[in-house]
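Hello,

Here is the structure I promised to pass on, with a few notes on what turned up in it. Please open it alongside this message and follow along.

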Amino acid sequence: MDAIVKNFPGAGAQNGVTDVRPTQAEAEDAVRVLLRWAGDNPNREGLLDTPKRVAKSYRELFGGYELNAHDVLGTTFEEVGGYDDIILVRDIPFYSHCEHHMVPIVGKAHVAYLPAGRVLGLSKIARVVEIYGRRLQTQETMTAQIAQAIESTLKPRGVAVMIDAEHMCMSMRGVQKQGSTTLTTSFTGAFKSEPAEQARFMTMVYNR
């Protein structure tokens, strides 16, 4: 489900679409066009530096395209004293953007796995959420990507991911239903095959 262009490897085209990354100047020109389309004047004082600022902020907001989750997950630890129960990192905040409207998705991720001899540094789990969050996303895809990255790299006995997020495309536009959130889950291994493990995961997420 990781169907994105992670890098822009140089000149070339498929179906008439080039894979060469636009320049900073081209990105700024595109922002000026949008400002004009919105009905404002990009040459007025308050907007003169806006194209540069927007291009800079986009490089940060979509910095996940420059990173590979499998590289982040490459370092594991085997000295765990025989621990083999659930490891859960909950309430990981993230800010993403809807790939349909390019407006924010704001939420929290809860990620757990059942180790099979190796464990991850806890910050690595949060980092994976950050990598996939800083891309144009659907919540469903992001949920599955996080689970698949941990599953394929760590090979645990199971992975569980839950994301609870508010989509600004519903809050700021369209039906404008502020405060509504969307829940998505992805389970692999024992979390998928054993309802009791799913129940334990849910209990740990909601037990405050």
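Helix α1 passes helix α2 in a right-handed crossing. To find them, look for residues 24–38 for α1 and residues 50–61 for α2. Please keep in mind that this is a predicted model. Two packed helices are described by the angle between their axes and the distance between the axes. Here the axes come within 8 Å and cross at roughly 115°. On the α1 side, the contact is made by Q24, A27, E28, V31, R32 and L35, while α2 brings T50, P51, K52, V54 and A55. Sorted by class, that contact has 6 nonpolar, 2 polar and 3 charged residues.

Next, the strands. β5 (104–114) and β8 (residues 158–167) run antiparallel, joined by 10 bridges. If you want a place to start, I105 stands opposite H167 in β8. Strand β8 also pairs with β9 (residues 182–189), again in the antiparallel sense, over 8 bridges. Strand β8 is mostly covered, with 8 of its 10 residues buried.

P115 lies in the loop between β5 and β6 (119–120). Is P115 buried or exposed? With a relative accessible area of 2%, P115 counts as buried, because the cut-off for that is under 20%. Leaving aside its neighbours within four places in sequence, P115 is in contact with Y83, D84, D85, I87 and R157. Take D84 from that list: D84 and P115 are 31 residues apart in sequence, yet their C-alpha atoms are 5.4 Å apart in space.

Last, have a look at helix α5, residues 139–154. This helix has 16 residues and reaches 23 Å from its first C-alpha to its last, which is close to the 22 Å expected at 1.5 Å a residue. How many of the residues of α5 are buried? The count is 12 of 16, which leaves α5 mostly covered. Among the buried ones are M142, I146, A149, I150 and L154, and Q139, T141 and T143 are also buried. The helix is followed by K155, whose phi is positive, near 55°.

Happy browsing, and do write back with any questions.

Best wishes

Conventions:
Residues are numbered from 1 along each chain as its sequence is written. This is a predicted model: local features need pLDDT of at least 70, side-chain atom pairs count only at pLDDT 80 or more; totals for chains, interfaces and linings use all residues. Side-chain values use heavy atoms; hydrogens and water are left out. Helices (H or I, at least four residues) and strands (E, at least two) are DSSP runs, numbered from the N terminus. Buried means under 20% relative accessible area, exposed over 50%, partly exposed in between (1.4 Å probe, protein chains only). Contact means heavy atoms within 4.5 Å. Two strands pair if DSSP finds at least two bridges between them. Axes are lines fitted to C-alpha atoms, for helices over the stretch in contact, and angles run from 0 to 180 degrees between N-to-C directions. A crossing is left-handed if the near helix is turned anticlockwise from the far one by less than a right angle, and right-handed if clockwise. Ala, Val, Leu, Ile, Met, Phe, Trp, Tyr, Cys and Pro count as nonpolar, Asp, Glu, Lys and Arg as charged, and the others, Gly among them, as polar. The expected span of a helix is 1.5 Å times one less than its number of residues.
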